[in-house]
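Q: I've got a model open and I'd like to learn how to read it. Can we go through the strands and then the pocket?

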Amino acid sequence: MLIDINSYMGHWPFRQRKYNTCVTRLERMNRFGVDLSVVSNLNGIFYKNPQSANEELYHEIRSSKLFGDRFIPFAVINPIYAAWRSQFETSTGDMGMKGIRLYPGYHGYDLTNASCVELVKRSRDRGLPVAFSLRMVDSRPSSWMDLGIKKEWVLKDITPIIRAVPDAKYLILNVANSTLLSEEETTLLKETDVLIDTSGRNILDLGELIKTFGKDKFAFGTHSPILDDVTGLLRIESLRAPEADAATKEMLRSGNAKRMLGI
C-alpha cells in the first residue's frame, strides 16, 4: 500500500500548476500506484478567510464517492484569524477533516503565538495531526510578491512548537533546507510523534536520517502538484538492504502514515 501524506488541490498564484483537482490528482495517483493521499487546498494559504478553501475542498471531495474513498482532507486554519476556533470545529467536526495544516510564514505569526499553541493543543486533544511545510516553493525564482528566501525554514525552526506542545502529532513536510540539529533538538524529535515526509530535497540521504531519528519518523510524501509525483517514492525504493529491510520500506510507504492518521 502507498499513502501520500503531502499533496494539494487548488491554485498557486505565481505559477501555473497541473494535476490540481480531485479528478487530475486521482489520475496521477492511479498512474503511480498511490492508494490514499492526504490533501489540503492551496487556496487556503492565500484567501483572507481560509475556511472558504476548506469548504471548496469539502464539496469537491463529496462530489464523487471515488474521491471520498481516496482522499484524506486536512483543513487550513489561521490561528490569528478571528473566527479560527469555530472554523476548526466546523472543519474537523461537521466536515470530518482528519488534520490541520498551518502556514505561519504566509499568515504572519510565530509558532509560539498563544493562539497557535492553543490550536495545536486542541488538535492534540482530538488526536489530529498538525502539518507544517518547511518550504512551499523554491523562493529563488519566485515572484517578488511571494515569501523571500529568508522565510524558508530549516528543520530546527519547527522545534519551538514541539517544545510548547510535545504530546501533539506533527507532520513536517518538504524539508528542503538544513536538517542540522543540536543533540537536545534531535532527542526532542525522536521523543515526539513526528512524521517527516520524503518530498524535500534535503531528504537525499534517507538511510542516514533513518539511522539518526528512527524508521518510525518518515513517510512517503510528494508535495504535489508543486513538486513531482515520483521523487519521494524513489528515495524509499532506492534504499539499500543495510539501510532498510522490506518491513522498514513498508513502514515508509504506508505503515507509519496509517499509525499517524489512525487508519
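Q: In which sense do strand β1 and β2 pair, and over how many bridges?

A: Some ground rules before that. This is a predicted model, where local features need pLDDT of at least 70 and side-chain atom pairs count only at pLDDT 80 or more, while totals for chains, interfaces and linings use all residues. Residues are numbered from 1 along each chain as its sequence is written, and side-chain values use heavy atoms, with hydrogens and water left out. Strands (E, at least two residues) and helices (H or I, at least four) are DSSP runs numbered from the N terminus, and two strands pair if DSSP finds at least two bridges between them. Here β1 (residues 3-9) and β2 pair in the parallel sense over five bridges. Within β2, S37 is the bridge partner of D4, and V39 is the bridge partner of S7.

Q: Which strand pairs with β2 over three bridges?

A: That's β3 (residues 71-73), again in the parallel sense. V39 has P73 as its bridge partner in β3.

Q: How many residues of β2 are buried?

A: Buried means under 20% relative accessible area (1.4 Å probe, protein chains only). In β2 (residues 36-41) six of the six residues are buried, so the strand is largely enclosed by the rest of the structure. In a regular strand, side chains alternate between the two faces of the sheet. For β2 both faces are covered, with L36, V38 and S40 on one side and S37, V39 and N41 on the other. β1 is mostly covered too, with seven of its seven residues buried.

Q: What is the order of the six strands in the open sheet?

A: The order is β4-β5-β6-β7-β8-β9, with parallel pairing. β4 (75-76) and β9 (218-219) are at the edges with a single partner strand each, so one side of each has no neighbour in the sheet. Within the sheet, β7 (residues 169-173) and β8 (residues 193-197) pair over four bridges, and K169 stands opposite D193 in β8.

Q: Which residues lie nearest the centre of the largest pocket?

A: They are R135, N174, S199, R201 and L227, out of 19 lining residues. The lining divides into five nonpolar, seven polar and seven charged residues.

Technical notes. 1 Å grid on protein atoms, 1.4 Å probe; cavity = no way out; pocket = protein on both sides within 12 Å on 5 of 7 lines; lining within 4 Å. Nonpolar A, V, L, I, M, F, W, Y, C, P; charged D, E, K, R; others polar. Buried < 20%, exposed > 50% of the residue type's maximum accessible area, 1.4 Å probe, protein only.
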